[in-house]
Amino acid sequence: MSTTDALIAGLAAEAIPTAHGEFTLDRAKAVEKMRASQLAAPHAYVLELVQCGCLRDATRLDFSVDADDMILTFDGAPFTSQELERLDDALLLGKVPRHAQAVRKQAIALNVALFLKPNFIRVESGGYLLERKPGQPDRITRWHAPRSGTRIHVKDRLHLGLLAEMVKGAAEVSFLRERCRWSSVPIHVNGRQVSGMEFAPLGKVEIAADGVRGAAGFEAGAPGMLLLMKDGVWIESQPLAAGPLPFRAVVEGRDLTKDISQASIVHDDARKVVFEQVLAARAAAVARLCARAAREKRVLATFEEAFRQELMEVKDLARLRTGDLRALADLAVWPAATGDCRPVSFTRLLQCMDAFGVVPYSIERFRGQQLEGAPCVLYTKDWSTFEKLCGLLGGKIRNVTRRISRRPPRFIFNFGRREARVSRDYKYVQPIERGEVALGSFNEPPSLTFLREGRLLHEMWRPAGLLGIQAVVEGEFRQGSSGYGIERDANWVRAIVAVFEALPELYARLAVQAAKRPRPVARAVAAWLHVAARADAPDRFLAECGVPAGMRPKTPYTPPDLGADSDHPLAWFPWIRSGRRLLSLREIHARAKPVRYVDADKTAADDVLSLTETERGVLQCVLGAQHLVPFGSAASNTRTMDEETFLASLRDAIRGFYGVLKIPLDVAPIMLVDGAGPVVSGSDGSIFLGREHPLITEALSDDSAALKVLVHSLLVSAMNRLHLEISDHDEVRLQALLAESLACEPARSQVQSAAPPRGFLERISAEAVATGWISDALEVRLYVDDPAGRGKFVGAAMARREGNKFSLQLPAFVKDGYARRIFAYAVREGQFHELSSSPRIFCSPATWQTSPIGYLDVVEESGVVRGWTLDPNTPERSIGVHFYLDGAPGKGEFVGEVDANLPRPDVNDHRGYPGDHGFEFQIPAEHLDGLSHTLHAYGLDSAGGHNPELSGSPKTFGG
């Protein structure tokens with residue numbers, strides 16, 4: 001059986017025949033085609049000869065290359081006459097033993113060399129001579145002087161274009177020097193050795209396994225790369241994105257296979273084994289590099305940033321404490337913000353977390369200062385670093401910049417003397433017994449300043465709810481026991497009470513003097529009325545200032561008369577928006593009841609009010625909650641129904657609806673729509689339920705009890721699915737419990753539960769408005785930077801009855817561009833219950849001109865690119881992203897752009913910015929060519945300023 005017949009028989013044995021017939025194979029034409037297309041670079045035939053020699057177990061290869069000759073001599077097993085006669089047949093064979101692969105390599109090399117039109121090609125091996133000439137058949141003769149090895153001679157014929165052909169010799173030498181530098185077999189070119197170059201990166205480790213050998217380590221300034229070798233020749237390079245540290249390896253695989261172009265390695269199991277061996281060696285290389293960096297400052301400085309990035313990629317914190325990456329955690333590469341500001345190790349930060357409870361960090365440096373209780377403070381301004389550390393540490397990282405910077409100095413009496421007076425720039429100044437209270441800019445944080453003998457003793461940035469309040473009080477105050485601050489004694493409490501007693505007269509004067517230009521001060525008046533309209537206003541004010549309950553005096557207080565016949569200046573002051581006008585409380589009283597309203601960010605007719613949460617709370621106190629209803633709500637359009645009437649109307653509506661049916665409830669409306677889709681929730685809190693949902697089907701076939709369970713279970717399960725991510729299995733169990741507990745209760749009952757209140761801090765907008773909901777109409781209190789008891793109190797709000805939702809405007813001082821934590825608590829009978837999703841990270845829009853920020857998350861193998869970007873100056877708007885291939889703008893190729901307008905709730909939660917800022921981009925198909933490329937992503941400044949490259953860019957793909 002011939003070689004061709006054997007090949008066909010082998011293919012047929014592994015296939016399922018679908019048709020039978022005959023074909024003719026022209027051997028001469030097949031060989032001619034292979035000669036013309038076997039190698040992309042014809043002069044690379046010398047590399048095939050190198051592999052041929054290595055496969056024949058040669059111990060040395062000698063090349064002699066000049067303008068018209070290429071002579072190769074190597075030892076090892078010589079070729080037999082049968083192998084030389086069937087040289088071209090080897091091109092059609094499948095997998096063959098290692099020694100037979102040399103025949104194929106020689107066949108490829110000689111066929112490509114013929115394409116260069118040499119004068120002749122001669123192969124002397126053993127006792128035979130093979131001679132090839134272009135256009136003539138091969139000739140094999142018995143050689144008179146048998147060789148122990150092999151000699152291959154490619155001779156150019158002499159012609160006028162010889163000078164043009166001289167570059168051939170240079171090309172062959174270049175291939176040998178470049179591709180054989182790491183070969184273990186000695187290779188000499190024109191008497192000089194080109195192989196045996198040592199691969200000596202930092203942290204070098206040897207790789208030795210069955211069929212795989214090589215070395216790996218780290219090289220500064222070079223991208224991660226795997227150089228694959230086969231039979232002494234470097235075949236191709238593959239990007240090695242194993243981590244931030246630039247890991248490089250040179251590996252030779254015995255079982256690797258080249259593709260038909262002879263320039264790439266086939267992606268098979270052998271190649272996968274090589275990659276696994278390389279990645280397995282990386283951990284040992286990291287340990288060696290860390291050990292060297294601990295000894296040599298030069299190495300530490302070179303890889304400092306890469307060490308930090310490498311550590312932040314770790315998912316298991318135990319590996320850094322006691323595992324194989326302990327050496328990485330012990331490197332002092334993390335900048336410190338306090339003390340001597342010398343770099344600290346991650347192990348030191350973990351020790352700080354164990355002692356302090358969290359890892360404190362600062363965006364400023366405080367040389368010579370320390371944070372009480374914390375051995376060290378991390379210094380970082382990079383948002384991506386914070387995100388990664390937050391994930392690695394389980395959220396136990398906190399910004400303490402304000403806590404350090406606002407700490408009064410130990411020697412407080414070094415300040416100059418001053419009078420107990422506020423700045424002359426303030427207006428509506430109200431004197432008190434030993435000081436003054438005034439209203440300043442409503443964008444400034446409220447402050448209370450305490451003086452002793454004319455010297456500054458303490459400052460407080462409270463109360464948060466009263467905009468622009470500035471108070472300076474002098475008294476017999478005492479210094480705190482720790483050497484700074486103020487002693488919270490009876491004198492301190494009396495001073496705060498004096499400030500509160502001055503506020504009614506201050507705001508009354510404000511209302512009279514500012515009546516002609518009410519808009520700038522309307523918010524300040526609303527904030528004061530929100531406090532003053534309650535009978536417990538003094539107690540609430542003292543609580544906001546941090547006065548413990550046991551020290552609050554029973555201050556007599558009568559809320560201002562703001563009724564329909566009141567002559568109080570605040571009753572006449574116009575501050576409530578209705579259409580294009582501002583109305584006073586007297587005008588509101590004169591309107592028909594109930595008074596309708598919409599949210600402040602919406603516009604409505606002149607007979608509908610536009611109210612903020614604070615304004616709504618004031619009007620509910622003044623008018624009564626029953627006389628203030630949302631525009632278009634069920635309360636303003638329908639009468640109250642008892643349970644039986646409600647269930648009957650619900651049953652009739654479900655059976656006869658067409659299109660979309662809206663069922664109003666106390667908390668949120670249920671929207672019944674066509675189809676059988678899952679329960680989902682809309683942006684306005686509406687719950688959408690498919691008409692063919694099993695619960696609807698059951699409700700139609702059951703009595704009113706099933707409808708009752710339907711309403712409650714849908715309401716609770718959908719809201720919890722939205723906020724607590726309850727699974728389908730948990731929802732089924734929840735519905736079963738509801739069916740058991742609610743089957744005998746009225747569908748619209750308002751039973752007070754003894755269980756802790758439930759709630760959710762939904763979001764904090766860029767305008768510093770906190771919104772959410774709680775299960776009961778309770779008071780919600782917010783604190784900044786720390787939990788209740790340690791953090792700064794920033795305001796309180798009452799949840800409105802319509803949906804038990806709340807909204808609160810945070811004070812201006814938190815809008816400083818820094819990341820802050822906002823804690824939210826529901827207060828019931830003096831007990832604090834933290835809401836779900838509390839605390840939330842809030843970072844206000846930058847008030848200065850700044851460039852876009854963002855992160856290039858991933859470039860998938862399919863070419864899909866994902867990430868996010870935004871402009872802090874205009875966080876509510878989506879900006880564009882430009883993409884460049886293999887270089888920055890001006891060097892790389894522009895491949896497309898996209899708008900960052902996809903939802904990214906994780907970015908909204910952590911940054912506190914509104915809007916959608918995610919992007920997804922598909923790399924054009926012509927660039928998905930299997931080669932290695934780098935993709936650069938740039939965020940476009942909304943004001944036409946600097947367009948920075950996003951963090952995480954560039955990323956490598958392909959290859």
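Modeller: On the side of α16, the contact is made by Ile496, Val497, Val499, Phe500 and Leu503, and these meet Ala537, Pro538, Phe541 and Leu542 in α18. Sorted by type, the residues of this contact come out as nine nonpolar, no polar and no charged. The coordinates behind this come from a predicted model. Helix α16 covers residues 490–513 and helix α18 covers residues 537–544; their axes come within 10 Å and cross at roughly 130°. The two helices are therefore oblique to each other, and the crossing is right-handed. An α-helix has 3.6 residues a turn, so residues three or four places apart point the same way. In α16 the contact residues include Ile496, Val499, Phe500 and Leu503, and in α18 they include Ala537, Pro538, Phe541 and Leu542.

Another helix to look at is α3, residues 45–55, where eleven of the eleven residues are buried. The buried set includes charged Glu48 as well as Leu47, Leu49 and Val50. After α3 comes Asp57, with a positive phi near 60°.

Next, the strands around β2. Strand β2 spans residues 69–74, and five of its six residues are buried. β2 has an antiparallel pairing with β1 (residues 61–65), made over five bridges, in which Val65 has Met70 of β2 as its bridge partner. Three residues lie between β1 and β2, and the two strands form a hairpin. β2 also pairs with β6 (residues 150–155), again in the antiparallel sense, over six bridges. In that pairing Ile71 is opposite His153 of β6.

A parallel case is the open sheet of three strands with the order β19-β17-β20. β19 (378–379) and β20 (397–399) are at its edges with a single partner strand each, so one side of each has no neighbour in the sheet. Between β17 (residues 359–362) and β20 there are three bridges, and the strands run parallel. Val359 has Ile397 as its bridge partner in β20.

Strand β23 (residues 447–452) and strand β24 (residues 455–460) run antiparallel and are joined by five bridges. Arg452 is bridged to Arg455 in β24. Two residues lie between these strands, and in this hairpin Glu453 takes a positive phi near 55°.

The last item is an open sheet of four strands, ordered β46-β45-β48-β49, with antiparallel pairing. Its edge strands, β46 (893–899) and β49 (955–957), each pair on one side only. From one strand to the next the twist averages 30°. Within this sheet, β45 (residues 880–885) and β46 pair in the antiparallel sense over six bridges, and Val881 stands opposite Val898 of β46.

Technical notes: Residues are numbered from 1 along each chain as its sequence is written. This is a predicted model: local features need pLDDT of at least 70, side-chain atom pairs count only at pLDDT 80 or more; totals for chains, interfaces and linings use all residues. Side-chain values use heavy atoms; hydrogens and water are left out. Two strands pair if DSSP finds at least two bridges between them. Buried means under 20% relative accessible area, exposed over 50%, partly exposed in between (1.4 Å probe, protein chains only). Axes are lines fitted to C-alpha atoms, for helices over the stretch in contact, and angles run from 0 to 180 degrees between N-to-C directions. Angles under 35 degrees count as roughly parallel, over 145 as roughly antiparallel, 65 to 115 as roughly perpendicular and the rest as oblique. A crossing is left-handed if the near helix is turned anticlockwise from the far one by less than a right angle, and right-handed if clockwise. Contact means heavy atoms within 4.5 Å.
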